[in-house]
Amino acid sequence: MVQFSDISSALETQVIELPSWAFGNSGTRFKVFGTPGTPRTIQEKIADAAQVNQYTGLSPKVALHIPWDKVDDYSALRDYAADLGMQLGTVNSNTFQDDVYKFGSLTHTDPKIRQKAIDHHFECIDIMHATGSQDLKIWLADGTNYPGQGDIRGRQDRLADSLASIYARIGDDQRLVLEYKFFEPAFYHTDVPDWGTSYAQVSALGERALVCLDTGHHAPGTNIEFIVAQLLRLGKLGSFDFNSRFYADDDLIVGAADPFQLFRILYEVIRGGGYGPESTVAFMLDQCHNVEDKIPGQMRSVLNVQEMTARALLVDPAAIKAAQDAGDVLGANGILMDAFYTDVRPALAEWRAGRGLPTDPMAAYAASGYQQKIAEDRVGGAQASWGA
Ligand code: AOS
Ligand code: ZN
Ligand code: ZN
């Protein structure tokens, strides 16, 4: 069986990008509970993200959201982040909050509204040039609530045309990642509801257009690791939005609802060549911390991904292939389960100590007093992500 010492070097290069909006007040359509110390600016969000990286060593990148994180000088923001050991990452567009997009954005029947949404993405691309970001992430709330409300086919055609305009604008070193979601806020149909639609739309654009897989965006019971394996096989898995769900798009701490599913997803990522320094698959979190403190919530998330990555790396590829080829059902399953049931936490603690990181990042952060300090210093004007 593969030992932790055999795989520890593979953990060195793991990078998990943090979403700026996870540090802002966010929650549900029913209530956004504020937290003392919540950032009031993108700079304070980056400072909090830097805390996650300081204690875990896993998250030196922070994704931006436009317009929530708009500033006048992105080069200065880039320098500010760099001074904290952080890099600006994915730029996330937003065509889901303006009244004008009530009946759609890139799919709208009115060419003027479609152009406004396209221009918003052009603005995001301009920002990417200033921040040095690689990925433009597009998630559309576009859809309908009732049968007959919209022309499903016509919306696909207009979406394809709009995406082609945006794709033509991205730089040679940039990518477009199109995120799918099976429902919400639209309740009858969503214009990018599943991996197949995202795959079809990005395949029509070109090689730098890829799928973003949000782990909270599937119907209950979906075999997500199958989608991971298939998109990797097709060369079209661009990025993850990792979170956890019990019922819908709950945006909870990844691994909190189903650590075994997270393990299986990461096993297929590794099996499919999507993990490691050569991989082009971006690991990003997409979460809302409505009732828990945000910084430790993000720390818990990146640590969960690291832990399940380590366990998935313990699966012996040769042994499991031999068992599979031999039709040894229980043997093959046993090899996978042995890795999943291996408690790697003591070895990870030692691994961290050897790299100058706290053996228990959560406890170290709690003892640091940073949470108390920001609660005292940051009085008033906390930024809400949703509804911003
Ligand atoms: C919405 O449900 C999607 O998960 C989006 O990826 C995300 O919440 C949005 O991009 C925030 O900017
Ligand atoms: Zn997402
Ligand atoms: Zn989501």
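## Ligand 1

A residue is near a molecule or strand if one of its heavy atoms lies within 4 Å of it. By that rule 13 residues surround ligand 1 in this predicted model, and the closest are His65, Glu179, Lys181, Asp249 and Asp286.

Polar contacts here are pairs of N or O atoms within 3.5 Å; within protein, one atom must be able to donate a hydrogen and the other to accept it, and residues adjacent in sequence count only if both atoms are side-chain atoms. Oxygen atoms of ligand 1 lie 2.5 Å from a polar side-chain atom of glutamate 179 and 2.9 Å from one of lysine 137. For histidine 217, an N or O atom of the side chain is 3.1 Å from an oxygen atom of ligand 1.

## Basis of the model

Local features of this predicted model need pLDDT of at least 70 and side-chain atom pairs count only at pLDDT 80 or more, while totals for chains, interfaces and linings use all residues. Residues are numbered from 1 along each chain as its sequence is written, chains are lettered from A and ligands numbered from 1 in the order in which they are written, and side-chain values use heavy atoms, with hydrogens and water left out.

Donors are N, O and S atoms within 2.8 Å of the metal (3.2 Å for Na, K and Ca); water is not among the atoms, so sites may look incomplete.

Aspartate 214 in strand E8 and aspartate 241 in strand E9 are 27 residues apart and link distant parts of the chain. Helices (H or I, at least four residues) and strands (E, at least two) are DSSP runs, numbered from the N terminus. Aspartate 214 is buried, with a relative accessible area of 0%, and aspartate 241 is buried, also at 0%. Buried means under 20% relative accessible area, exposed over 50%, and partly exposed in between (1.4 Å probe, protein chains only).

## Zinc ion, ligand 3

The zinc ion (ligand 3) is 3.8 Å from the zinc ion (ligand 2). His217 (NE2) and Asp249 (OD) coordinate ligand 3 at 2.1 to 2.3 Å. Its site has four donor atoms with angles of 74 to 152 degrees and is irregular. Histidine 217, in the loop between strand E8 (209–214) and helix H7 (224–233), is 32 residues from aspartate 249, in the loop between strand E9 (237–242) and helix H8 (259–271). Both residues are buried.

## Two buried threonines

Threonine 107 is in the loop between strand E3 (87–92) and helix H4 (111–131), and is buried, with a relative accessible area of 0%. Its side chain makes a polar contact of 3.3 Å with that of arginine 155.

Threonine 144 belongs to strand E5 (residues 143–144) and is buried at 2% relative accessible area. A polar contact of 2.6 Å joins its side chain to that of histidine 189.

Definitions and conventions. Tetrahedral: all angles 85-135°; square planar, octahedral: opposite > 155°, others 65-115°.
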